Amino acid sequence: MSTLVTGATGMVGRRILTQLRSRGLSATGASRTSQTRLDWTDTSNWDELLDGVKSVFVVTPVGSALGNRVAGFLEKAAGAGVGNAVVMTAMGTEYAPSDSDQRAAELRAKDLFGRWTVLRSNWLFQDFTEGTFASMARARNGRLELPVKKRTAISFVDARDVADVAVSALLDDHSGREYTLTGPQAHTFREVVKQTRGTESPVWRFKAVDEAGFYFRATDRGWGERYVDTLNERFAAAVAGRAAEVTEDVRAALRRDPIPLARFVREAVL
Ligand SMILES: NC(=O)c1ccc[n+]([C@@H]2O[C@H](COP(=O)([O-])OP(=O)(O)OC[C@H]3O[C@@H](n4cnc5c(N)ncnc54)[C@H](OP(=O)(O)O)[C@@H]3O)[C@@H](O)[C@H]2O)c1
C-alpha cells in the first residue's frame, strides 16, 4: 500500500515523508522540485504518479488560483482507486466560499473518497524558522513587519503536530473528521520573537504595520498579488481574534498534548 505526499518539500509534507519512511512504509513525495515531479499546472504525469497509490496527502498552495487544478487531481486520484485522502487547509477554511481554492479541495475530497480527513491548521511555529516569516525577516535585516496589532494573538501550532496527525489519518481511521489544529496557547508575535531570538529563526524584531505597508513590502519582494491578498485576509482574521482559539483537536487525534512554544524554542536552538 503506497502513499503519495504532495507539498513534499514543504514544512509539513517533508515531516510526513520522514515519518512514513522511518516506519518502513512505501511513500512517494512529490512537488515541482522533488525528485518525483508534481506540478499542479501540468497534468501530463498524473496517471503515472497515481499508479498503485492508496492514500494521498494533499496541500493546496496558498493564494495561487490552483484550486481547480487540485480538485482535478483529487478526481483523478479517486478514479485511479485511491481510497483515502488527507487534505491540509487553514484554520477557518470551513467559512470560506465554496469556490475558494482550499475550501474547494475540502469539498471535493469529501465527495470523492470513501475515507477522507480535513486538517485545518493554524499558523505554524516553523513559519519563524523555515516559512514565510523567516523569508520576510531575511530580506529585511531580521525585521518581521506584519499587518496585525501588537496585541494580536495566534495559537501557533508545531508542524510536527500537524504531520503527526496527518500520518495518523493516512494510516489509521480518522475518516470523516475535520480537525482544527492549534497549539496549546495563543501568543502575540512579540512574545514569539522574544523567545525565538537567537535560535535558528532569522527574526530579530517585530513591528506592526498597516495593510498598505505590508502590501508594499510583500509585492516589492516579488510576491504575487493574490498570494499577498490571501495573507492579508489571514492577518485580518487574526486581528479580529479568529486565530487565537485553542482547540482540543491535536489531543483528540493523537491522545497527547500539542507541542508548546517553549519546547519549539528549546529544539530550534542553533
Ligand atoms: N505555513 C502556515 O503557517 C500554514 C498555516 C495553515 C495552513 N497552511 C497550509 O499548508 C499548506 C502549505 O503551506 P505553506 O505554503 O506554508 O507550505 P510550504 O511549507 O511552503 O509548502 C508548500 C509546498 O507546495 C509545493 N508547491 C508549491 N507550488 C506548487 C505547484 N504549483 N505544484 C506542486 N507543488 C507546489 C511546494 O514545493 P515545490 O516548491 O517544490 O513545488 C511545497 O512543497 C497550504 O495549504 C497552507 O494553506 C500553512
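Strands here are DSSP runs of at least two residues, numbered from the N terminus. Strand E11 spans residues 205-208 and contains Lys207. The model is a predicted one.

**A positive patch**

Lys207 is partly exposed because its relative accessibility is 37%. Together with Lys150, Arg190 and Arg205, Lys207 forms a positive surface patch.

**Salt bridges**

The structure holds 24 salt bridges.

| Side-chain pair | Distance (N to O) |
|---|---|
| Arg120 and Glu94 | 3.5 Å |
| Glu106 and Arg103 | 2.6 Å |
| Glu178 and Lys110 | 3.0 Å |

Take the Arg120–Glu94 salt bridge. It links distant parts of the chain, 26 residues apart. Arg120 sits in strand E6 (residues 115-121), while Glu94 is in the loop between strand E5 (84-90) and helix H4 (101-112). Arg120 is buried, at 3% relative accessible area. Glu94 is partly exposed, at 27%.

Glu106 and Arg103 both belong to helix H4. They are three residues apart, so about one helical turn separates them. Glu106 is buried, with 0% relative accessibility. Arg103 is buried too, with a relative accessible area of 13%.

Glu178 and Lys110 meet in a salt bridge of 3.0 Å. Glu178 lies in strand E9 (residues 177-181) and Lys110 in helix H4, so this pair ties together parts 68 residues apart in sequence. Glu178 is partly exposed at 33% relative accessibility. Lys110 is partly exposed at 23%.

Shared partners join these residues: Glu94, Arg103, Glu106, Lys110, Arg120 and Glu178 make up one salt-bridge network.

Methods:
Residues are numbered from 1 along each chain as its sequence is written. This is a predicted model: local features need pLDDT of at least 70, side-chain atom pairs count only at pLDDT 80 or more; totals for chains, interfaces and linings use all residues. Side-chain values use heavy atoms; hydrogens and water are left out. Patches are made of residues with over 30% relative accessible area and no salt bridge: like charges are joined within 9 Å, nonpolar side chains (Val, Leu, Ile, Met, Phe, Trp, Tyr) within 5 Å. Accessible areas come from the Shrake-Rupley method with a 1.4 Å probe; for residues, only the protein chains shown count as cover. A salt bridge is a side-chain nitrogen of Lys or Arg within 4 Å of a carboxyl oxygen of Asp or Glu. Lys and Arg count as positive and Asp and Glu as negative; His and the chain ends are not counted. The place of a charge is taken as NZ of Lys, CZ of Arg, CG of Asp or CD of Glu. Helices (H or I, at least four residues) and strands (E, at least two) are DSSP runs, numbered from the N terminus. Buried means under 20% relative accessible area, exposed over 50%, partly exposed in between (1.4 Å probe, protein chains only).
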